[in-house]
Amino acid sequence: MEDKKTFYITTPIYYPSDKLHIGHAYCTVATDTIARYKRLCGYDVMFLTGTDEHGQKIEDKAREAGITPQQFVDNIVAGPKGVLDLWKLMNISYDRFIRTTDDYHVQSVQRIFKKMYDKGDIYKGAYKGMYCTPCESFWTESQLVDGKCPDCGREVKYAEEEAYFFRLSKYAKPVQELLETGTFLEPASRVNEMINNFIKPGLEDLCVSRTSFTWGIPVDFDPGHVVYVWVDALSNYITALGYMNDKYDEYKKYWPADVHIVGKEIVRFHSIIWPAMLMSLGEPLPKKVYGHGWLVIDGGKMSKSKGNVVDPYVLAEKFGVDALRFFLMRTFPFGSDGNFSNELLIGTINSDLANVLGNLVSRTTAMIEKYFGGRLIADREADALDDELLEMITSTREKYAAHMDAFHPHLGIEEAFKLVSRANKYIDETAPWVLAKDEAKKPRLATVLYNLLEAIRVSLTLLTPVMPETCAKALKQIGGEEYATWDNACKYGVLPADAAVFKGENLFPRVDVDKAIKELEEMNAKASAPKSEPVLPDVDIDHYAACDMGVCKVLTCEPVKKSEKLLKFTLDDGSGTPRQILSGIHKYYEPEDLIGKTVVAILNLPPRKMMGLESNGMLLSAVKEIDGKETLNLLMLDDSVPAGSRLC
Ligand code: MSP
């Protein structure tokens with residue numbers, strides 16, 4: 001038997017730094033729809049997704065949460081309502097899930113790094129930029145806010161750090177030629193963007209290692225350096241197949257990838273850096289990179305602050321997973337940005353799913369139950385009125401496939417819907433309820449209803465990649481489950497003449513717009529209301545107990561020169577030696593009001609320098625945002641509590 005043709009498709013691997021929103025789901029649902037379509041066509045599909053788990057941001061977030069980076073990513077990837085749960089909910093049919101913390105990936109990346117180094121394409125140099133010492137971060141001039149660190153607002157200074165660089169500049173010409181082929185990167189508009197904005201101004205070599213943080217893959221031949229994000233992240237597309245590792249043995253079978261589906265902001269990395277890396281490694285290049293647009297809200301970026309509006313769990317629970325998948329794929333041209341709104345989502349569910357598709361399936365199955373007890377008779381009587389519908393039943397598949405192959409799922413779906421709409425019109429033209437009144441017209445009535453079943457069968461087959469579960473249910477209702485194959489999707493006369501049909505549950509109930517919007521608004525208000533429950537992950541008692549919180553008396557308190565925020569405290573912590581702590585609370589307190597007060601401090605933090613002065617600990621305050629303004633109250637105890645008492 002001839003081997004099936006392979007199709008290797010990937011999504012970007014996600015940063016597990018926050019919970020994912022509907023924008024993230026958009027990319028994965030699109031990739032899933034295409035992967036399912038290719039499987040339907042008979043391809044041996046490898047669909048890869050995963051998580052990109054290294055980097056300073058994760059290291060920082062883990063530190064803030066008081067857990068290890070590994071615990072932090074484990075929680076967001078595999079914890080409740082994490083990435084894996086979300087893909088399960090959204091019915092994502094991935095074949096492989098890679099985590100960049102997986103041992104085999106780590107090992108391969110070290111080998112990839114070494115191979116490019118041995119070739120002379122990676123060399124040691126210095127990373128230069130504006131550096132914020134407390135945040136341990138480099139920033140470019142354009143990232144600074146008022147010349148200060150965008151994260152903490154402190155002064156930054158010019159600094160250099162030893163780092164490895166990848167000779168990206170060497171590959172500028174072949175990469176430009178690749179982009180100019182016109183088939184490598186789509187949509188075409190993105191090609192000019194890459195050439196004009198990045199290649200023509202001159203490609204700079206890329207920093208590929210860092211020493212200022214440790215949460216990364218160690219460069220095994222130079223301790224202290226960790227591989228810096230993109231070499232680690234992009235390599236996943238080949239390490240997941242077994243490139244330079246023994247975990248898998250499918251590199252030969254699936255590489256080069258047929259398509260990398262990526263969001264527009266990371267097209268640059270996939271269409272310039274990735275091919276350059278592969279050229280350096282001497283490996284074949286992916287056949288295509290497709291850069292899709294973004295889901296935006298009111299023209300702006302999606303973020304957690306948009307609350308439930310963008311929470312896929314809330315939306316899927318309210319409207320159904322398939323309705324949500326359908327909406328995402330049907331509404332927005334894949335290459336362009338799409339403005340997401342709940343009104344649009346509900347509108348699409350009501351117009352396309354309830355009124356058009358749902359209506360066709362329920363009317364047809366109801367009539368077959370009513371007029372024929374669920375099984376049509378075999379006598380037939382054709383009419384010229386049928387011709388147009390029958391022609392569409394056999395020709396829709398080809399038009400649908402052309403769009404799907406061009407990564408335009410919204411147009412593919414539109415073709416399937418043209419058939420659905422034509423079938424609805426056919427019901428009005430043939431008026432089965434009139435035919436049903438005349439016993440002599442039964443063969444004609446059976447023909448009309450059979451033609452409708454065939455139109456439904458073909459359209460549901462073509463809509464299965466986007467709505468797998470609902471289409472399967474609907475196919476069952478028309479007795480068509482086993483006939484929903486790609487080969488059958490361009491044929492007429494496939495369903496048995498007496499297929500068993502039943503009107504089951506309503507697959508696409510209409511959504512009451514006002515009620516649903518009101519409910520979502522209420523949920524949003526609730527979600528953005530001040531929370532009393534903890535927002536950080538759980539910590540165990542040992543972590544809590546490791547924090548030494550002691551009672552101190554304020555001996556002196558004065559402003560720090562040249563600082564608007566800082567106050568310098570000398571404290572009696574009960575040890576007999578005065579302790580100095582700096583605290584940024586001048587905005588809230590006058591220093592003289594604090595002298596003699598009984599306060600609480602964390603005593604076992606490592607010393608930290610601020611404005612040239614050492615701070616040995618941190619004063620505790622109660623902080624809350626009220627009406628958009630931050631309020632702060634220094635934690636003060638009754639003066640009878642002795643210095644040196646511990647909080648427990
Ligand atoms: N980790 C990198 C990718 C490395 S691939 C070797 C990354 N991760 S991400 O989590 O920030 O983004 C993952 C994908 O989600 C990207 O393709 C990004 O474009 C996509 N989206 C994030 N927000 C989106 C929308 N609002 N709309 C559509 N896609 C969005 O980048």
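In this predicted model, a search of the whole structure finds 30 aromatic pairs. One of the pairs joins Tyr104 and Tyr248, whose ring centres are 5.5 Å apart and whose planes stand at 85°, so the arrangement is edge-to-face, given that planes over 60 degrees apart count as such. With a relative accessible area of 9%, Tyr104 is buried, whereas Tyr248, with a relative accessible area of 23%, is partly exposed.

Another pair is formed by Tyr400 and Trp486, where the ring centres are 6.3 Å apart and the planes meet at 45°, so the pair is classed as tilted. Tyr400 is placed in helix α15 (residues 387-405) and Trp486 in the loop between α19 (468-477) and α20 (513-528), so that this pair ties together parts lying 86 residues apart in sequence. Tyr400 is buried, at a relative accessible area of 1%, and Trp486 is also buried, at a relative accessible area of 13%.

Beyond these pairs, one aromatic cluster is formed by Tyr8, Tyr237, Tyr243, Tyr251, Tyr254, Trp255 and Trp274. Aromatic rings also take part in arrangements with lysine residues: Lys81 lies over the face of Tyr313, at 4.8 Å from the ring centre, and Lys442 lies over the face of Phe372, at 4.7 Å from the ring centre.

The model also contains a ligand, which is surrounded by 23 residues, the closest being Ile13, Asp52, Gly263, Glu265 and Leu295. By class, the shell around the ligand comprises 13 nonpolar, eight polar and two charged residues. A polar backbone atom of Ile13 is found 2.8 Å from a nitrogen atom of the ligand, and a polar side-chain atom of Glu265 lies 2.8 Å from a ligand oxygen atom. In the side chain of Trp294, an N or O atom is 3.4 Å from an oxygen atom of the ligand. Taken alone, the ligand exposes 670 Å², of which the protein buries 93%. The elements that contribute two or more residues to the shell around the ligand are α1 (22-40), α8 (230-234) and α9 (236-239).

Notes
Residues numbered from 1 in each chain as written. Predicted model: local features only at pLDDT ≥ 70, side-chain atom pairs only at ≥ 80, totals over all residues. Heavy atoms only, no water. Near = heavy atom within 4 Å. Polar contact = N/O pair within 3.5 Å; in protein donor to acceptor, adjacent residues only side chain to side chain. Areas by Shrake-Rupley, 256 points an atom, 1.4 Å probe, with all protein chains shown as cover. Helix = DSSP H or I, 4+ residues; strand = E, 2+ residues; numbered from the N terminus. Nonpolar A, V, L, I, M, F, W, Y, C, P; charged D, E, K, R; others polar. Phe/Tyr/Trp six-rings, centres within 6.5 Å; stacked < 30°, edge-to-face > 60°. Buried < 20%, exposed > 50% of the residue type's maximum accessible area, 1.4 Å probe, protein only. Lys NZ or Arg CZ within 6 Å of the ring centre and 35° of its normal.
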